[in-house]
Amino acid sequence: MADIHSVIGTKNKKGQTYTDTWKMMNDAPRTPSFYTGSEVIKEALRRASCDVMIAYPITPQSEAAALIGELFAEGYIGDYFRGESEFAVMSQCAGAAFGGARVFTTTAGPGTMRAMENFPMWAGSRLPIQMIVTCRGINSPLSIQPDTLEISYLLNTGMLVWHAETAQDFFDWILKGYMVSEEPDVHLPLALCCDGFFVTHTKDVVNLTPADMCLPPYDPYRSPVPCMDMECPPVRMMRDPFVMKSNYISYATHASWQQEIWAAIERSRKHSIHWLNGLIDTENTDAEIMIVTSGTAVSQGREAIRLLEDEGVRCGLVKVKTLRPWPEEEIREATKNAKHIFVPEFNVTGWLAKEIKATIPNHERVHAGPHVCGGMTMPPEIIVSEIKTALGMKTFSLAGRGS
Amino acid sequence: MSKERIQISEALYDIMPSDYQDLVKSATYGKEDRGWKDIGTSKELIEQHSLCAGCPESMAFRYILASLPNPEDTVMVGSTGCTSLVFPMVAVHNIHSLFGNQNAIASGLKRALSVRFPGRVKDVVVLAGDGATVDIGLDMTLQAWFRQEKFTTICFDNELYANTGGQESGLMQKGFVAKMAPVGKLFDKVRLPEIARESGCHYVVNCTVSKPSLVEKVIRNAVHIAREIGPTYLQLYTPCILEIGKNSMEGLQEMRDSEKPTERFAYKEYVSEPAKQLLAELAAKDKERKAAAKQLAGQVSA
């Protein structure tokens, strides 16, 4: 069986040194680079010791998926191919992960929805696949624009779900994500989400780790369930498959299996806190007005806070980094002084506001908004306007919003 | 995996289940000429099954597991249906994930095993019903063949959805009255063996499982060709005696009746040119091995 400690300090076939991940992410020198989000995904994968990547074109993740193909051609990825649909791709990812590979894929919007049947299966099979979700609209008529509605469908699949704000988050979290999801007491898939176009297609300065360092390889024999490679004894799993039994034991088995998935998400907390330096980031938590949100809405919220400060209104911020595990305690603590909590979101239903309302005491403090959707941008001014309106302050009229 | 991997610690021997003890004592992992004739004298790689009494699918399972050329390094992929009731009792690693995605799972699995074990043989064999292979999973069945994925696809064709209670399937005969085909099926049985050939399979066989020796031959050929050349496809008639109104003892006769020269399961085979060459090479090696064994036996007796 592979021993990951024995490979630290040795080189892979591309001449990269397998490096202790904590040292690589925290101690190694960083090089500022000006890249698009898609290019950042490629650079993270270059350092991820990934065995299998499976691709399918759908905007806005196509560029990243194709760039990883270039990495494969250069010899950085074990195998790579284009599947026939997202449903098939996610099953191919499952097959590769069952076979003990470190697996990566990317998808977006309607692709996420088409593949949906696979995600609870991934979690139930304890496959630590990493899937980048570059969110886009899933509505009809057809839209390719940014919209985060698809994340809400992922929240109850049993996957870990993280929501990156910036390309820097993306770079770091792709690499750290494997460390969390491959822990034996977690061993679950990770949906690493970002807002399509805003992150994937804009350029930003990202501090990269050295290209000659890479993650230690995945060790499938640390999995809590057997790897399907015929390297360990096959066992007769049960006399009668539970699918065909309607009795207490079969129900209890299914129930405990589901509970174990959710317990594993809970156990991922400590690892996520360790690697992400907490499940949330906060600013000004003593303020009576708080903005709590995730993804690029955090950036817009930060800008709104600056505008409000100019007008003498003090406002704090909570950046929610992980949606599963859900940072319940952290959000309660960070909002305990708040009289008003605003949740700006890039979707029509306001799923994040609902999660927050279900978490904190006195949830009438939560103002679910502003919402934009269908590809609309969220100028900080509409967050400012929402806040001032709720506080009974005079605000300018925004065209088309009927205020 | 070598047979040493499944050995039991002496201290724990008596508490291991008897079927596992039997597996260690007398299963045929690693036996080069393993085949259907081992049934009855060695531990089979299927312990029990929960299929109906007399189900031809259970015969097919036993013959196939006895015939796999390399079970110690074979991973099987199943799908939802009656086959998924058997796999938990099969002594090779096997994967059930969703209904119809078996060839997608196998594609990812085979590639992962090739990345992780370069230079070593790791066979992948898909075994699924006709609903999974031809209806809900057809896209992934064909695309795996287009991509020349190197694994074997076996379809247990019982010409309907058996596990859900006898609904119409694409491989059902035209005119058959079934659930969801209340006035009889309106279109012909899908000609998947021909489609398999056109889609790039190097070895395609359409037959019944009435003769274990024939099952052994086609399984060995299909696995060897998939390992060395490209995709292979076996469509095996395993009638659902329950849904076609037969008794437990009538499954074998149903298969014999359906494999007559004019019937739909008359033996049909396609072998690509590279596959023919490989089979000839394997036959020559086999002959050599047997001759050497004979010579050795002669020397010993002399």
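Analyst: Seven strands of chain A form an open sheet with mixed pairing, in the order β4-β3-β5-β6-β8-β7-β14. β4 (79-82) and β14 (322-324) of chain A are the edge strands; each has a single partner strand, so one side of each lacks a neighbour in the sheet. From one strand to the next, the twist averages 20 degrees. The model is predicted: local features need pLDDT of at least 70, side-chain atom pairs count only at pLDDT 80 or more, and totals for chains, interfaces and linings use all residues. Residues are numbered from 1 along each chain as its sequence is written, while chains are lettered from A and ligands numbered from 1 in the order in which they are written.

Some terms. Strands (E, at least two residues) and helices (H or I, at least four) are DSSP runs, numbered from the N terminus. Two strands pair if DSSP finds at least two bridges between them. Angles run from 0 to 180 degrees between N-to-C directions, with axes as lines fitted to C-alpha atoms, for helices over the stretch in contact.

Now to β5(A), residues 103-107. This strand is mostly covered: five of its five residues are buried (20 or more other C-beta atoms within 10 Å of a residue's own; 12 or fewer is exposed, in between is partly exposed; C-beta atoms are placed from the backbone). In a regular strand, side chains alternate between the two faces of the sheet. In β5(A), V103(A), T105(A) and T107(A) point one way. F104(A) and T106(A) point the other way. All of these residues are buried.

Next, the neighbours. Strands of a sheet pair through backbone hydrogen bonds, either parallel or antiparallel. β3(A), residues 52-55, runs parallel to β5(A), and three bridges join them. Here I54(A) has T105(A) as its bridge partner. β6(A), residues 130-135, also pairs with β5(A) in the parallel sense, over four bridges. F104(A) stands opposite Q130(A) of β6(A). T107(A) has V133(A) as its bridge partner in that strand.

To recap β5(A): the strand is buried along its five residues, with parallel pairing to β3(A) and to β6(A).
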